Amino acid sequence: MKVPLLDISAQLAPLREEIVSAVSNVIDSTRYIQGPEVTGLEEEVARYCNVAHAIGVSSGTDALLVSLMALDIGPGDRVLTTPYSFFATMGVILRVGARPVFADIDPLSYNIDPASMEALLAADTEHTIKAILPVHLYGQCADMTPIMKLADTYGLPVIEDAAQAIGAEYPLDSGADWQRSGSIGLAGCFSFFPSKNLGGIGDGGMVVSNDRSFAEKVCMLRNHGANPKYYHAAIGGNFRLDPIQATVLRLKLRYLEDWHGQRRENAQFYNTLFAKTGLLQDNCVRVPAAVYKDVCTATDCSNNYHIYNQYVISVPDRDELLKYLQKNDIGCEIYYPLALHKQECLRGLMDIPFLPNAEEAARSTLALPIYPELTEAMQEYVVQQIAAFFAK
Ligand SMILES: *Cc1c(COP(=O)(O)O)cnc(C)c1O
């Protein structure tokens, strides 16, 4: 059996006609920059995330970049973030001329560890840390209650890198209302890269915020800082969202909750299958977990609405298992094999910290196929093959 890591054509097939017709409409409209499809998507994403403002941008990376630009973060400033994420999280900090400060991660959720953040903030006596940039890795919110408490104590804005987590939810205080990712900090940044839960037919992104003046600044900066047209009080860039992407995303947004639900069911089914193999009990395989103190402690965590952009297991002999699964036609991938603080582009720029949890994650994590259209038979095959590997 062949099991790809992701099968975009399975999602495309039932929607193809609608997508082609929506794209044709944009072509015929001749509104190729901004226009009603972009504003329509912005309104729908704002409603979906329960925020006041949403600004379509060219990618998830540019959503992060323009957010840092809107905060005037630059040379001499530092941004507190996680060392275990896609490169863009750190790339945007460096591109505005600032430096990252890395807290270590929680070893079970792989998200930034608030205790480690607290130590770094307390040591920042010169107040060079100007913002906090947590990532909701794999589709599960970082532990936002203590993060927002730290942000409040130190008077820092929080920009959520929610590129993998549109629609993920977090109960901000125990018992209080749930909040969607991106709506908790000053701003949230989404990516519509095709492999994300809401993926376009190319690049796209979105910044969401409840802060009106921040949203206005992002809006201005995405269009060269112009306000009004041809008058530039600030230096921005061309970070606009393409209406062809917007029209496709509007269409797909209607299915997003169903797709999240299917991914969550698939995750539960993996958990059940792994439990039956005995691999969990033998500590060969660790399945995704949420261990936030105020939230929950169970593996099957209904309080923290994980949207499973990735289903990531932790295993010993990870590289050997990867080869074995690939040999048996199972798509899998390492997110990420080298932690951000170990990247070569940082050498000479700053002191490189030792972050044992991030480094261990880079050695042991493996993402398995989790896309909505995955069948039970495919999942059974994946778990059988993993069991066969450890039985060797
Ligand atoms: C995908 C991703 C990004 C970047 O989004 P693009 O749309 O590819 O620019 C940023 N951060 C994280 C955590 C991501 O997964």
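How far is an oxygen atom of the ligand from a polar backbone atom of Gly60? The distance is 2.8 Å. This is a predicted model, in which local features need pLDDT of at least 70, side-chain atom pairs count only at pLDDT 80 or more, and totals for chains, interfaces and linings use all residues. Residues are numbered from 1 along each chain as its sequence is written, and side-chain values use heavy atoms, with hydrogens and water left out.

**Ligand contacts**

- Thr61 places a polar side-chain atom 2.5 Å from an oxygen atom of the ligand.
- Asp161 has a polar side-chain atom 2.9 Å from a nitrogen atom of the ligand.
- On its own the ligand has 380 Å² of accessible area, of which the protein covers 93% (Shrake-Rupley method, 1.4 Å probe).

**Ligand shell and pocket**

- The ligand has 15 residues around it, and those that come nearest are Gly60, Thr61, Gln164, Ser191 and Lys196 (a residue is near if one of its heavy atoms lies within 4 Å).
- The shell comprises 5 nonpolar, 8 polar and 2 charged residues; Asp, Glu, Lys and Arg count as charged, Ala, Val, Leu, Ile, Met, Phe, Trp, Tyr, Cys and Pro as nonpolar, and the others, Gly among them, as polar.
- At least two shell residues come from each of α3 (60-70) and α4 (88-95) (helices are DSSP runs of H or I with at least four residues, strands are E runs of at least two, numbered from the N terminus).
- The ligand takes up the space of the largest pocket. A pocket is an open set of points on a 1 Å grid over the protein atoms alone, with protein on both sides within 12 Å along at least five of seven lines; a molecule sits in it if more than half of its atoms lie within 2 Å of its grid points.

**Aromatic pairs**

- The count is 10 aromatic pairs (ring centres within 6.5 Å; planes under 30 degrees apart are stacked, over 60 edge-to-face, the rest tilted).
- Tyr110 and Tyr138 form an edge-to-face pair, at 5.8 Å centre to centre and 75° between the planes.
- Tyr110 lies in the loop between β3 (99-102) and α5 (114-123) and Tyr138 in the loop between β4 (129-133) and α6 (144-154), so the pair ties together parts 28 residues apart in sequence.

**Backbone geometry**

- Tyr138 also has a positive phi, near 65°, in a residue other than glycine.
- A cis peptide bond runs from Asn227 to Pro228, with omega near -10°; Pro228 is in the loop between α7 (212-221) and α8 (243-253).
- The peptide bond from Tyr335 to Tyr336 is cis, with omega near 15°, and Tyr336 is in the loop between α10 (318-327) and α11 (356-364).

Technical notes: A polar contact is a pair of N or O atoms within 3.5 Å; within protein, one must be able to donate a hydrogen and the other to accept it, and residues adjacent in sequence count only if both atoms are side-chain atoms. On a 1 Å grid over the protein atoms alone, a cavity is a set of points where a 1.4 Å probe fits but cannot get out, and a pocket is an open set with protein on both sides within 12 Å along at least five of seven lines; lining residues have an atom within 4 Å of a point. Rings of Phe, Tyr and Trp (its six-membered ring) pair if their centres lie within 6.5 Å; planes under 30 degrees apart count as stacked, over 60 as edge-to-face and the rest as tilted.
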